[in-house]
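Subject: Structure for you to look at

Hello,

Please find the structure below. Have it open while you read the notes that come after it.

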Amino acid sequence: MGSAPIIKLSRISLSSLLVGHAGEGQLLALYGHSGVHSLAQKLLARPLFHGYGVVVLDAGNLFDPYLISRMAPALGRDPRELLSKILISRSFTCYQTHALIQKAQKVCTSPTGMISRIVLVLGCLRTFYDEDVSFGERRALLQKTLILLKGISQRGITVLATAEDPPINVRGGFTDLLVGVSDRAARLGLDQDGSLGIDLVKGMNEPGILRR
């Protein structure tokens, strides 16, 4: 079994965006190669180190607590300390995903309930590809869900949503909807040498996430 592709980042890591802009509010989209989900979880290291609480909305059974635990010693932290700062909820249908984000919006934006400055939505689009639900209903529900995420970000919370490229036979342009509503977007893709690089797509003018 081959080793995982190397992800090439430049001087400032993507995680600096999560910390540097927390409190200002933004919706970040990270999409493309399936490695976006593990990359996004690795990006939590710096915010967790600085004491930020994180809400993880897992819409694809993608959260890996062992990944967080493995990062802890390098940060000089006990794994339990970092994991205690993460509140995770899971969804398995598009209806559950919408309801979960609706609930998160109420909790994160209420005056007395700001339990987190960062919300990570893993596999944001995955449950909306369920063909057991009509295409029109899925698309309409996704649009409502993305509006909710935007609403969370407009209350001073950083929202990072991940989405891997859908199968070729899946229609709908759902990724375009996610990128369209986001404040900033970056795509993770394979280079010719087999490594992974970040392409800036929208709203990211910082020098820290350029492909090398």
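This is a predicted model: local features need pLDDT of at least 70, side-chain atom pairs count only at pLDDT 80 or more; totals for chains, interfaces and linings use all residues.

Start with strand β5, which covers residues 118-122. Five of its five residues are buried, which leaves the strand mostly covered. Which way do the residues of β5 point? Ile118, Leu120 and Leu122 point one way, while Val119 and Val121 point the other way. In a regular strand, side chains alternate between the two faces of the sheet. Both sets in β5 are buried.

Next, the neighbours of β5. Strand β3, residues 54-58, pairs with β5 in the parallel sense, and five bridges link the two. In this pairing, valine 55 stands opposite valine 119 of β5. Strand β6, residues 158-164, also pairs with β5 in the parallel sense, over four bridges. Here valine 119 has valine 159 of β6 as its bridge partner, and leucine 120 has leucine 160 of β6.

Last, strand β6 itself. Is β6 mostly covered or mostly open? Six of its seven residues are buried, so β6 counts as mostly covered, buried being under 20% relative accessible area. β6 also runs parallel to strand β2, residues 26-32, and seven bridges join them. In that pairing, glutamine 26 stands opposite threonine 158 of β6.

Regards

Definitions and conventions
Residues are numbered from 1 along each chain as its sequence is written. Side-chain values use heavy atoms; hydrogens and water are left out. Buried means under 20% relative accessible area, exposed over 50%, partly exposed in between (1.4 Å probe, protein chains only). Two strands pair if DSSP finds at least two bridges between them.
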